[in-house]
Amino acid sequence: MKRYQAIFFDWDGTAVLNRTAPVDKAVAAMAPLLDRGVCLLIISGTTYGNIAGGRLGGYFTAAQRKYLFLGLGRGSYNYGYNTQGQPVQVADPGIDETTVLRIHDASYQIHRKLWKEYGYHTDIVFDRPNYCKIDLMNQNTRGQSLFLSGDEVTQVQAELAAHGLNRGIADLLDLAQAVGNELDLPLKVTCDAKYLEVGLLNKSDNVDALLNTVVLPRGIRPEACAYWGDEYLKLADGLNGSDSFMRTSLSAPGDFFDVGTVAGERPLWVNHLGGGVDCFLDFLRKQARL
Ligand SMILES: [Mg+2]
């Protein structure tokens, strides 16, 4: 087994089952690698408060925290830790309030177009850092498991087609992109079936920022990095799952692994292992023994 010097990984569904599940197993698997100076970088769409109840730093020693980083909020936050164990930005994407409000305007325009032209009703979550979530399935709450589950793609594709968006998610992405063009805003739009996410950044920005500010300056080469997630699955033409955004021109020489258990097509460059959280934590434990 190859020995990696930096491991990027998704949190919900990859390191823990969901955000309320105990983190002990993940912490126990991570600590020996941090002791050895392996960089661990959590890449998640959520915010710090939703990772281990906002107390992740407290699970590790000051020495271990020097190698622990988080890329969160769809490109908005890139954290390391200060000596007191508080998360601090190591790379700020610098999106100002005016731009955030323009993203809100774009999201409303998308909502309005879907309502008026297709009779498709959505809801918008504005309270996210530098992006909006447009809820495509208002009736379907995910409960505690805030990640993609089996039937959601089929459900939303059928629902969109029933409203005249015959190419489903692909049509939705085109529509959102057109709104961005009208407003002269270079939108990065992703979709995980339930939510259409509209902003100027995504997980690619987290990965590139952390590679540039943390990993590469330590002399770690891109090919010594691994990237683990549970959502690489192809969702529509031209759109793979959110973890696939960890692959950028800079990170591409690394190795990509999918522990997702939903059946379907994945990009050719990802190793689909399945097995969920157990598979990923087992990999961490094996790395620590190399
Ligand atoms: Mg996940």
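**Exercise 1.** What is the bridge partner of tyrosine 131 in β9?

*Solution.* The model is predicted: local features need pLDDT of at least 70, side-chain atom pairs count only at pLDDT 80 or more, and totals for chains, interfaces and linings use all residues. Residues are numbered from 1 along each chain as its sequence is written.
- Step 1. Take the strands as DSSP runs (E, at least two residues; helices are H or I, at least four), numbered from the N terminus.
- Step 2. Strands β7 (residues 131-135) and β9 (residues 195-199) pair antiparallel over five bridges. Pairing needs at least two DSSP bridges.
- Step 3. The partner of tyrosine 131 is glycine 199.

**Exercise 2.** Find the edge strands of the open four-stranded sheet.

*Solution.* 
- Step 1. Write the order: β6-β7-β9-β8, with antiparallel pairing.
- Step 2. β6 (123-128) and β8 (188-191) each have a single partner strand, so one side of each lacks a neighbour in the sheet. These are the edges.

**Exercise 3.** Classify glutamate 159 as buried or exposed, or in between.

*Solution.* 
- Step 1. Locate glutamate 159: helix α4 (residues 152-162).
- Step 2. Count 16 other C-beta atoms within 10 Å.
- Step 3. Apply the cut-offs: buried at 20 or more, exposed at 12 or fewer, partly exposed in between, with C-beta atoms placed from the backbone. Glutamate 159 is therefore partly exposed.
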